Amino acid sequence: MSNRRVFLKNSGIALFGIGLGGVPAFVVKAAESFKQEKLYKKPKILLCIFQRGAMDGLMAVTPFTDNYLKSARPNLFIEAGNGNPLIDLDGKYGLHPALKAFEKLFKEKRLAIVHGIGSPNNSRSHFDAQDYMESGTPFSKSTNSGWLNRVVGLMGHEAVTPFRAVSITTSLPRSFYGNNEALAISDLKNFSLQMRGNNVVATNRVSNSLEDLYDDAASSLIKETGKESFQAMKMLQKADIANYTPENNAEYPATALGKSLKQIAQLIKLNVGLEVAFAEHGGWDTHFNQGKEMGTFARSATDLSNSIDAFWNDIEKYQDDVVVMTMTEFGRTVKQNGTGGTDHGRASCNFILGNNVQGGLVHGVIQPLTIENLEDGRDLKVTTDFRTVFDEVATKHLQIKDNGSLFPDWKGNYLGVMPSV
Amino acid sequence: MKKFSFYFLLLICVAILASFSSSRNDYIKRIKFPYQKQGLTERQAAAHLLSRFTYGATQSMIDDVVKQGLENWFLQQLNANLPDETLNEKLKSYDILTMSNETILNKFPKKNDVIKMAVTEGVIDKEDLIEIKANKKDSSYKKLLENYMKQKVFLPEQELMRQQINQKILRASYSNNQLLEVMADFWYNHFNISATKNQCLQFIPVYERENIRKNSLNNFEDLLLSTAKSPAMLLYLDNFSSSGTNELFVNFNKRNSNKKQNNNGLNENYARELMELHTLGVDGGYTQSDVTEVARILTGWTIYPLNDYAPGANFKKMLEKFKDKFSEKGFVREGDFLFAANRHDSKEKIVLGRKFKEGGGYEEGVELLKMLATHTSTAKFISKKLAIKFVSDNPPQSLIDKMTQTFLTTKGNIKQVLITMATSSEFWSKDALREKIKSPFELAISAVRILHADIKRPMALNNWITTMGQKIYFYQAPTGFPDNAAYWVNTGALLNRMNFGLAIAANKIAGVKVNLTELNQNKEPESAEKALEIYAKILLPERNITSTIKRVQPLLQEQNLIEKINKSTAKNEENNNLSVDESTDKYNHNSENNFSSFGSNPVFMQVVGVILGSPEFQRR
């Protein structure tokens, strides 16, 4: 039932016993495997960022010529043009000023936006909508696996390292639930044996004892996983995670998201076989004090765009192989509410970044925001099923050959956010 | 002596039979565990029994169980009525344990509700919320909110979560009725509720206490009905909002319709999970049409309005004022459960071939749940899940069949199914011994128990359990945590397990106190080698420790070598409170904890830590 790695079993004793200075066997193996299977291509990496709380898509990317929206949001609407703060993208849509870092990427056609994206299930509960989006089955709660875990299973090659699917979170996100091995870790620095006082001699001693014990374990699952744990640990120790300096003077914000993306950049550069990465960004549930150029929304937006921008600069050499995609459970009401915020709505927008993305475009459809065009007379209609975009990005970027079981109940046409392979 | 023990045994049996006779269903014959045939000694069998039905065996528990008789111990655990003074003392300060749903909702309101209330009462100016300028305003607004909470005697939700998590850890660690705690955990996971959803957190304490724990060793049917009517489940799987049309109430509904709470229509979530996860199992032989029909039967099953401030408050007043009238019309209130007849689809339904006549009300839901609870597919599904929990990840079909048979003949008597399992040869088979990998929660609690650790504040322990991969009460999907080794064992988790072992042995977990000296009856081992042997025996009772000792031995030898080198060169590392010198210097000032005895000896700590982090200790 479990789709575990098999390389250790096959490669046997030769892999065991690498010293602190050696290259972990799975890294060598990873390199070999990609050579064999992909003709010298480096692995493709998909980074997903879940914006928890439901981002107001109409504030992030505003259809600023829409008068209905303007009148519905007297305290929230930001004007474009004539020195106004909203960043005009194409004469119709404007980027929130706090997302300024995205402007350049959009102009360079590396950043694509999909507007009107959401779930076919009209639940406006954070829990349900996140659950459906992460399982990828919007009408079934009991789906065991998350969609990203299924992505891992569909890539058509064996996992060769414990770092194939990594989530920088304290516990495994719903998207990662499933039979394919996935790692949740809040801080790479903790991927080591932690002893009082950091005594190197004592730590090594204890480490050796434990390594011996695991090598002797009766259960093959524990034995193999134990070996990998020690190899991975030694490798990360060697990499000196704590003293990392980003390249290109990239400056990550000192926020949870900034720290998460920095660690993902480190993993990418370590060439440890990372293929699917996941990070979270909270604080989008703006019922109160949403603000305009400043306020709760602007703070989160600044964090999001600056973190992604820093990450993108930092991994410049790897940009051709990396795609970043954001997602959020739903959008927010067209009208502002009584407390300077917006309530739970339906469609929102998302961002897709990559050198190979059909960028510089706002994909999808938004009809003029008149009452008749709104869902239940209040919310931006979902015109693009989130699975349309997730499926296209994952399938094309990660070169999945058979994606039939990725979103089992979904059939549809791609929007064209990525070029055809 | 022999005679005495015979009478003693008889006395116990009489006592047990007497205590069982109070409930009609619990006719329990004398039982016999067939461990001898499987080649186990009595002590090995006791260790196995304890490792499966408690949160961790200790040497002294094995002594007690052997003295009492394995079967007697088991029957006593099934009865789950041992006094629990130690635990009760530890739980004294947890006031949520006696609170009702209503009290909890009113005492621990959601933050957003507090803000709404504060605005309604004019404590916070609406304009302030809108015209937020800089962070300055934020802090004054925070203060206003804080004062408002104090004035209203509200407590933050984090406090509710803290108490709920702590009490679970304390119960598992210290309760004498261990099997009850293990089963409560099993059923909670089976009928999982996640605190990640809306107000579910506020309903979890009562749910676990009244709906789960109280029914954990009774009939499956009672358990199912109890969860079905609980506000936690009604909310978590959305049935509270599911409604159909009822012609008798057309005018009533028109009069009382509320713009905000418009008729949501049918919601199939609970109906689907009820069959897929709670009863029949995914291959239990139902169709999508059955799901819809079950959902229709359960329309109107909702939560009695409990909040003083929520939109339901007016409805509550009405329900109370015209209580008799509502009851005449088919409304049913049972505690926090409400059957709202006006939302019930009263037309005919067919589930699994069985017809439910037009005009039915609350009673057809009860009938349906009873039918599902005693269905053959349910018997198979539940038996297999129990066998996976208590025997192995891949339990033999022969065992599942026996348990299924008992489930069917006793109409889902949980005690009887457990007895069938524990008296089977499969349970005692060598293939089953130590085959289960402890979940992070089980690992942490078993370490606490075997070290006789004193938990003053359980939160830090909970953080470790989360780090090792199990965030209790927060598993998002209604499936509950998977119960198999592959789920728990991955590189990151394994490393965290080793670190946990090292941390708890070194007294590095805040609020959890370990005294290795006391653990060895205040005796100091003569040498490091002796210490290894002693602690391995204590920590791995009735297990083969020769391999562990062999593998940990180099730790000590290397230690001796380093010691010699250090002495000869007199080169001491500074800032190094784990340096070998510490072990010889009883007055060392670097030590972080207050033990001045040998219990703080870092080598012993390392030895204990390594054993707790070893593969052997991960198994139960």
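This is a predicted model: local features need pLDDT of at least 70, side-chain atom pairs count only at pLDDT 80 or more; totals for chains, interfaces and linings use all residues.
**Chain B overall**

Chain B holds 33 helices and seven strands. Of its 620 residues, 48% count as buried. Take the contacts in chain B between residues at least 6 apart in sequence: 74% of them join residues at least 24 apart.

**Where the chains touch**

In the contact between the two chains, 55 residues of chain A meet 56 residues of chain B. Four elements of chain A each supply at least two residues to its side: α6 (126-135), β7 (183-184), α8 (200-215) and α9 (220-239). The largest share, ten residues, comes from α8(A). By class, the side of chain A that touches chain B has 22 nonpolar, 23 polar and ten charged residues.

**A helix pair in chain B**

Two packed helices are described by the angle between their axes and the distance between the axes. Here the pair is helix α30 (residues 528-539) and helix α33 (residues 602-613), both of chain B. Their angle is about 35 degrees, and their axes are 10 Å apart. The crossing of α30(B) past α33(B) is right-handed.

Which residues in α30(B) meet α33(B)? They are Ala528(B), Ala531(B), Leu532(B), Tyr535(B), Ala536(B) and Leu539(B). On α33(B), the partners are Val603(B), Phe604(B), Val607(B), Val608(B), Ile611(B) and Leu612(B). By class, this contact has twelve nonpolar residues, no polar ones and no charged ones. An α-helix has 3.6 residues a turn, so residues three or four places apart point the same way.

**Helix α22 of chain B**

Helix α22(B) covers residues 397-409. How far apart should its ends be? The expected span is 1.5 Å times one less than the number of residues. For the 13 residues of α22(B), that gives 18 Å. The end C-alpha atoms are 18 Å apart, so the two values agree.

The buried residues of α22(B) are Leu399(B), Ile400(B), Lys402(B), Met403(B), Thr404(B), Thr406(B) and Phe407(B). They pack against α21 (376-390), α23 (414-422) and α24 (425-428) of chain B. After α22(B) comes Lys411(B), whose phi is positive, near 55 degrees.

Strands of a sheet pair through backbone hydrogen bonds, either parallel or antiparallel. One open sheet in chain B has three strands in the order β1-β3-β2, with antiparallel pairing. Its edge strands are β1 (301-303) and β2 (332-334), each pairing on one side only. From one strand to the next, the twist averages 25 degrees. β2(B) pairs with strand β3 (residues 337-339) of chain B over three bridges. In this pairing, Arg333(B) stands opposite Leu338(B) in β3(B).

Val153(B) and Leu352(B) each have a positive phi in a residue other than glycine.

Why does Val153(B) count as exposed? It has 8 C-beta neighbours inside 10 Å, and a residue is exposed if that number is 12 or fewer. Leu352(B) has 18 other C-beta atoms within 10 Å, so Leu352(B) is partly exposed. A buried residue would need 20 or more.

Methods:
Residues are numbered from 1 along each chain as its sequence is written. Chains are lettered from A and ligands numbered from 1 in the order in which they are written. Axes are lines fitted to C-alpha atoms, for helices over the stretch in contact, and angles run from 0 to 180 degrees between N-to-C directions. A crossing is left-handed if the near helix is turned anticlockwise from the far one by less than a right angle, and right-handed if clockwise. Two residues are in contact if their C-beta atoms, placed from the backbone, lie within 7 Å. Ala, Val, Leu, Ile, Met, Phe, Trp, Tyr, Cys and Pro count as nonpolar, Asp, Glu, Lys and Arg as charged, and the others, Gly among them, as polar. Two strands pair if DSSP finds at least two bridges between them.
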